[in-house]
Structure formats: C-alpha cells, structure tokens
Amino acid sequence: MQNLKINRQKHVPTFSILIFISSLIIWTITGCSSQKPITKISGNMTQLSKDLLVAILPVQISDSKQKEAAELFRQSLYANFERSRFKLVERYIVDGLLEQNNLLDPNELKKVSAVRLGEILGADAVLFPIMSKVERSYAVIHSSIELKASVTLTDTRTGEILWTASQTETDFEGIGKLPTGIFAAAIAPVELVTNKLNLNKIIHKLTEKLTFLIEEPGSAEEGEFFNSPQIAPNSARAIEEIATSPIQISPNQTAKIETLEPIKKNEAKNEIKEDLKEENPIIKTVKSFVYTVQVGAYKTKVYAQKMISTLASKGYSAFITPSKKDEQVLYKVNVEKFDSKEQAGQFAKQFSLRENLNHFVTKVESKTPPQSLN
Amino acid sequence: MSHYLFRFFLIFILVLSNGCGAAKVIVHKSPLFSSYPLSVAILPFTTEKDGNFIEVGTEKILRNAFYNYFSYLSFSDLPLNKIDKILKKNKLENVSYSKKLPLKKLRNALGVDAIIQGKLLNSNNFTAGIYAETWLKAEMKLIDLRTGETLWDLNHEEIDQSSLVTPTIVDIVRQQMANSDTKKAYHHLAEQFASKVVRKIPDPNQIAQNQIKTPTISGIFANAGSNKKLQTGDIIEVTLTGTPKLEASFDIGSWKFSIPLKETKAGFYTGSYSIQSRDHFQKALIIGRLRDELGLTGKKALHGVMLSTAAIPVQKANLKLPDNAKLKN
C-alpha cells in the first residue's frame, strides 16, 4: 500500500508535466497562424503627395488553380488601399489599358518597366502583387490552407521601390485543435478546405496584415526602412534610355536648346510673352505626313501586334501601317513619329545602337500631330 | 445512437444557418445593355427603425466597407465625402429608401447616372458567457437615375458567432475577445458582408472597358538639358501638346508633384517652375500629365532630359536617387 502511494506520488508530476506540455503545444499551434509581414519601405514614403495615383496590377500566379485566390487577393488589396492616403486607378481602367497595350498576361508585366507602365496607365506608382502559394490539404481529421503573397510598390517617375512586403497565412482545423465535440472535429476540417468563404477570410486577414504599413507609413520601425534607395533594375535601364535618347525640340525653342541651359528668370518672362504673340508653332508644323523608322513588315497582323507589344515593353511608341501590295496586305511596324527626316535619322542611329533590328527611315501619312523625338 | 444523431443534426443545422451563406442579388437588368449606367454614387445608408434593434453608427461602417469593395467593380464611383457634401449643399441628405426619388435633382447634383441606396435592417453585437454574436442585415438597390428603374436589389444578412458548437474552445475564447470590441467586430463583419455582396453584383466590365480613352499627349518639350546643374532662380519651362480642355501638369521626378500647366491655346499647355534654394534632386525626369474630368490620366516622359540641382546636402540627397543608388538584384 505504501509502495503504491509512493508510485502514485512519483507519477503525478510526470503526468502534470505531460498535460502541461500537450496544452502548450495545442495552444501554440492552434488556429490561424501567421508571422508578422516581412516589409520594407522607402524613406520617401511619408513625403509623397496624397494625390499620388496608384495602379494595382493583376496578380502574378504560378498555377492556374491559384486564379480564384489571386482575384480575391486583388479585390482585398483594392479595399485596403482605399483606406490609405493614395488615390487608385480603378481596376477596370487598369485592365482595359493593359488589354489595349496587349499586356494580357500578368506574369509578363514584370518585364515592362515601371516607367512605361506609368505612361500606359497614367499612374504615379504601380503595385505588383504576387500570389506564390495557395495550398489546401485534407486528411479526414486534419485540414489546412496555406497562402503566401507578396507586393512591390514602384514609383513610375523614378523607378524607386517604395514598399515591399510578403506574408504567409496558414489556417487549419482538426486534431491540432481541442474539439468540443466529436462531430465538430470531423466537420471542421471538411468545412475549412471546401468553404470558399474561409479562403476569402484568410485572404482578407493576410491582406490586412500585409498592407498595414501602407495605411500608416509613419508607424514604420527603424529596421523597416531600406538602407538606401532601391531602384527596380528594368526601370533604371528605362530611365537611362529616356535620358540618353534624342532631346525633343520645340521649334520656338531651337536657339535655346543648342545651349541646353535653363532660361534665367528675366529671359523667361520675355520668352513666354513672345510665345504668346506667335501662332502656335507646334500645331503649325503638322503636315500630312511624318517620318518614322520602319522595323518590320508582316503578312499576319498578329505577328505585327506581337512586335508592337515587344517594342512597347521597351518604352518605344510603335504603330502599324497596313499597306496593299499585289493584293496582299502587309502590316508594317514603325517606331516613333518625327516631323523631319534628320530627326528620324538621328533616332535611327540611337535605335541601331540599342536594338538588333533591321530598320530604315520612311514616310507615313499622319492625321495627328507628330510626336517629334519623343 | 439517437443522442449522437441529434447532435449531428443540431451541428449540421447550426453550421448551415450560421450566416455564412452566399449573398443573393436579384438582377432586373443585365449589364450587357449598352445603356447600363457606369457612374454611381453610394448614398448614405438609412436605418429601419420599426421594431428592429440597430446599433448607432453601424450604417456608416457598412457604407464605408461597401464602398471600399464596390470600387473594385467597373463603375466610376464618387468618393463618399464628396457625395455627402453635394447632398448637404442641395438639401438632399434625407432621401428616403422607399419613397419616390427626386431623380432629376439627384442626377443634376451628383452628376452620375445611378445611385445605390442601402437600408440597415438589423445590427446587433452580443457577448455573454460562452456565446458571442455580431449580426448585420441590410438591403440595397441600384437605381438608374435616368429612368428610375431598379437594376438590381439584394437583401443579405451576415452573422459572426461562436458558441458551444464552435469547433474549438480556443476559437470560442478568441471570438469572445474579438466580439467584445464592438466597433472592430462590426467593421470586420461589414467587410465580410461587402465582400460577399460585391461578388454577386453584376459588373459592367465589358462596356466600361470599351469606353476607356485616356487623354493623348502628342508632345512634351522643355527648355532644359542634362548637361548643366540647375541653380537657384533657374526656370524650367515646359510645354505640352495634346487633347484640349483638360487639366495639365508636370512632375520633376518624384521631387515636385503636379506643377500646373495653363492651356494658352486649344491643346497647347505651358507652365514653368523656378528652382528654389531648398530644391535638391538628382537625375529627375520631367513627366507631363493630362487628366480628364473622370480622372483618366495620360502621362509622358520627356526624352533626352534628366535634371539635377547643383548643391546637394548629403543627407537629403540620399533619399532621392543618388548616383550610387543600389540596384535591387
């Protein structure tokens, strides 16, 4: 009897410890688990205008099964950004303009520079969202959903990355939780993976955490700032190309441009007065034809459109001119419009340095004012 | 055995009736019609006072959440604060949900083709012992102000609850805690409500996309070049040509935002910026902007020009694209 008592006394602490550890594990791993988002913002974030126009791009996905989650994620991003200080380019405008520019595949968007996307969408910043993981698992008494998403906000005027964040959100039901009833333990796992509303709830939770800093950039802690400005590589290249491409010349400014110097205060006043006296020189120079650089000619329109898309992604303003030859329509691909042959030739020289494409200067009809060297 | 069956059915019924059902929207007119309205204002939501319990202010929470989600659809929607200001100015803030609408007056004042009206029927937040519940019930409708036609309407309720039937004890505790913060609980539930409802509202995506036409910038010119550092007092003069009668402006990188340009002749906009002693920027592009009344914006970067100021205090320059800016790999 005494031995028995001693044995029981020995077992009680061991049993208690076991219960305590089990409870601790259950409490730790129960329910919706997520870490704090990994996020970095630029020092410029708090200084940006509240009128900054942001375009949220379609979500990049790696698997077509992620489409539904990606759509919910984008919808949730829009709803959360509505609470930020920025203005949004409406979703249908973003999608419509991307379609007009043949940028239909979200995964292709990362190849286009932010500067170019800014011109296409009229946005001051673009948000690239990525849904990298949507994993659902079900094993009768246990089920889980795991989502992983990230975002990058890039300034279209400088190519600077203003904000990046990534977040993983997991939710599960089953034996990991402490069931209040045997049936609840069986139903909950099924409900979690089959119910679309759960996916919506988890995505909403993920987006809320992910976008917290964009709603309140002032609350960023020291470690959450970039150490130095981060420029998106393709935007840096695009900006360099814009800066080194031939300067656009306004006919009334030719004399000044030669020196490439800004006008001093007093000179400027006189210059503006003179401009106002004159007839509009730019409108005046509109001709029935313009010079352009032809880079290709195709019998199939789709190939010409593909070429346009490639050129557009590099920042060129390209267009198609159809022409008939021997009853066959030929779709000519041209780059930029100029009001003089010299300007077109100057551009063609720059173009040949950058692109490995056969090309020549030619004349096309134009109903719109020429784009000159821009 | 019968005890287990009873429990099974009880759980089954509760799971089915716990307010997580999909929203039902009754569509009276398809958005495929070319006359479908594309500009919408969401009017302040009213409340059903007769015999129902409604927490003060929940109609505003629901309207805000609904607006945030509704903006995802292909409508051009007025911001809520703008709507409220216009309605107040025109003494239209007390428009009834069920009575005849002053269609013409609303259309003239708001400048939109349609309105959304919402009526909160019930809102409740309750936490007691092992039971917690937040409940929202509302009806909404889209009315074409040009015809008075109701294009869709809905009646939806959303409940967030926890009790003994909640799968885990931890969930019960967690939901009780969340529910006790009333405002937050309503906010979360309103978002769930809005998210579900918006997914069922017909989206006039196709006709909206066909009508997108951004303002065209045919040319942008400036009197500045890249080979000289700008000094205080230097004036950058910018000229932009494009679609006439719009709002034009230009940016200097991200340093100067939206410097206005004035239309001196049809489609011919001009303006200038004088460099101030506080201006310090490096490698900034000049970017022109043309915006129409719907907010559609055309943008174009000026080629061949990159601006930099002469003196750059080290600390400030580090914030703005310095020469040694690191490229992200």
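Over which residues of chain B does pLDDT stay under 50? The stretch is residues 11-19, for which the model has 12 contacts beyond four places in sequence. Here pLDDT is the predictor's confidence in each residue, from 0 to 100. Two residues are in contact if their C-beta atoms, placed from the backbone, lie within 7 Å. Residues 312-329 of chain B also have pLDDT below 50, with 35 contacts beyond near neighbours in sequence. Where pLDDT is low, the predicted coordinates should not be read in detail.

This is a predicted model: local features need pLDDT of at least 70, side-chain atom pairs count only at pLDDT 80 or more, and totals for chains, interfaces and linings use all residues. Residues are numbered from 1 along each chain as its sequence is written, while chains are lettered from A and ligands numbered from 1 in the order in which they are written.

**Confidence**

The predictor gives the complex an ipTM of 0.75 and a pTM of 0.67. Chain B has a mean pLDDT of 81, and 79% of its residues reach 70 or more. Helices (H or I, at least four residues) and strands (E, at least two) are DSSP runs, numbered from the N terminus.

**Chain A and its helix α2**

Chain A has 13 helices and 14 strands. Of its 374 residues, 40% count as buried. A residue is buried if 20 or more other C-beta atoms lie within 10 Å of its own, exposed if 12 or fewer, and partly exposed in between; C-beta atoms are placed from the backbone. Take contacts in chain A between residues at least 6 apart in sequence: 75% join residues at least 24 apart.

Helix α2 of chain A covers residues 67-81. Its 15 residues reach 21 Å from first C-alpha to last, close to the 21 Å expected at 1.5 Å a residue. That expected span is 1.5 Å times one less than the number of residues. In α2(A), 12 of the 15 residues are buried, so the helix is largely enclosed by the rest of the structure. Among them are A:L72, A:F73 and A:L77.

**The cores**

A nonpolar core is a set of buried Ala, Val, Leu, Ile, Met, Phe, Trp, Tyr and Cys residues joined through C-beta atoms within 7 Å. The largest has 130 residues. Those with the most contacts inside it include A:V54, A:I56, B:L62 and B:I286. Helix α2(A) gives the most to this core, with 8 residues. A second, separate core of 17 residues includes A:V290 and A:L311.

B:I286 is in contact with residues including B:A222, B:F250 and B:L307, leaving aside neighbours within four places in sequence.

**One residue in chain B**

B:F193 lies in helix α6 (residues 182-200) of chain B. Why is B:F193 buried? Because 24 other C-beta atoms lie within 10 Å. B:F193 touches B:L62, among others, not counting residues up to four places away in sequence. B:E158 is another. B:F193 and B:E158 are 35 residues apart in sequence and 5.9 Å apart in space, C-alpha to C-alpha.

**A sheet in chain A**

Four strands form an open antiparallel sheet, in the order β12-β13-β11-β14. Strands β12 (318-325) and β14 (360-365) stand at the edges, each with a single partner strand, so one side of each is left without a neighbour in the sheet. Strands pair if DSSP finds at least two bridges between them. Strand β11 (residues 289-298) is joined to β14(A) by 6 bridges. A:T292 stands opposite A:T362 in β14(A).
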